[in-house]
Amino acid sequence: MTGFGSATAENDRLSVHAELRTVNNRYLKVSSRYPDFYAKLGSQIEKLIRSSVSRGTVNLTLRIDSLDRTSDYLLDEEVIKQYWEQLKHLSEACHTPLPNHVDSLLTLPGAAIDNYSRSHTPESDWPLIEQAIRGALQELTEFRKKEGESAQADLESSNQIIRQQLEVVKEKAPRVVTNYRDRLHQRLADLLKDQEVELDPDSLIREVSMFADRCDINEEISRLGCHLEQFDSIITSKTSQGKKLEFLVQEMFREINTIGSKANDVEISHAVIEMKLAVEKIRENVQNVE
């Protein structure tokens, strides 16, 4: 399910801005971007996200800024002096003049000290980072909740269409065998009317009985009704169960498909087409449900 959430948390030293974006995915995939200094917190960050999101692709971006940047980096005078002494030695050896400034030495390894990483640890900043992520998760949840309410309305509407068409099937199903018997009787009577052959009632009964067995859809109707009841129960429950809904939709489609292949009736076939269209719409929506 798509969604967005962001939040900022600050103390006297840091400002942490967390931004979460989610897109549809059958499984849960978490991708995070943050400064390398906080790499040790990766497992804690992912665990926190997984506690609130169970399905979808989640992208987290953390921007962490120091509010007092004057002491983030310090120059190591001893290291710079050693570089300068070595440069003087090379200058005398090569008979070349020394540079007029030391700017080029400041980019060499060890010239600047990361003062923040020496005085703080990722763990010490975790409470503030956690606060920002939780705030973003809360906003994300509200965003996804609104989208979920819209999806639920669509699912209920499609489910109602299937119910209505299933009632049509229930009404028409008992007439299928009767109509077949009448058509078969009339067809045989027309074929035999100019012949000196009588219609054998027992043979007609056997043929109709075999047809009735082949086109019996009572079990499929019953199972589909149970699936619809379970579907209603899941989408109105307080916990989201997208994967269970996805499996249930497959079972619903299987029963509807079997009804269509066995019924051998035009009106039932029309109802089956409407049910298949509704199930396909449900299938599309269910993929977005957590």
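These are my notebook entries on what I looked up in this structure, which is a predicted model.

**Entry 1: confidence**

I began with the confidence scores, and found that the chain averages a pLDDT of 80, with 78% of the residues scoring at least 70.

**Entry 2: strands S2, S3 and S4**

Next I followed the strand pairing. Strand S4 (residues 56–66) is joined to S2 by 10 bridges, and these two strands run antiparallel. As one example of a partner in S4, I noted Leu60, which is the bridge partner of Leu20. Strand S4 is also joined to S3, here by six bridges, and this pair runs parallel. For this pairing I wrote down Ser31, whose bridge partner in S4 is Asn59. I also traced how the chain gets from S3 to S4, and it crosses through H1, in a β-α-β crossover that is left-handed.

**Entry 3: His17**

I picked His17, which I located in strand S2 (residues 14–23). Is His17 buried or exposed? Its relative accessible area is 18%, and since buried means under 20%, His17 counts as buried. I then asked which residue's side chain makes a polar contact with the side chain of His17. The partner is Thr8, at a distance of 2.8 Å. Leaving out residues up to four places away in sequence, I listed what His17 touches: Ser6, Ala7, Thr8, Thr61, Leu62 and Arg63.

I checked the exposure of both partners: Glu123 is partly exposed, with a relative accessible area of 39%, while Lys40 is exposed, at 59%.

**Entry 4: salt bridges within helices**

How far apart in helix H8 are Glu280 and Arg283? They are three residues apart, and therefore separated by about one helical turn. Both partners count as partly exposed, Glu280 at 34% relative accessibility and Arg283 at 25%.

I also recorded that salt bridges with shared partners join Glu219, Glu220, Arg223 and Glu255 into one network. Within this group I looked up the salt bridge between Arg223 and Glu219, where the closest N and O atoms are 3.4 Å apart. Arg223 and Glu219 are four residues apart in helix H6 (residues 218–235), so about one helical turn separates them. Arg223 is partly exposed, with a relative accessible area of 34%, but Glu219 has 54% relative accessibility, which means that Glu219 counts as exposed.

Definitions and conventions: Residues numbered from 1 in each chain as written. Heavy atoms only, no water. pLDDT = per-residue confidence, 0-100. Buried < 20%, exposed > 50% of the residue type's maximum accessible area, 1.4 Å probe, protein only. Polar contact = N/O pair within 3.5 Å; in protein donor to acceptor, adjacent residues only side chain to side chain. Contact = heavy atoms within 4.5 Å. Salt bridge = Lys/Arg side-chain N within 4 Å of Asp/Glu carboxyl O. Pairing = 2+ DSSP bridges. Right-handed = clockwise from strand over helix to strand, strands pointing away.
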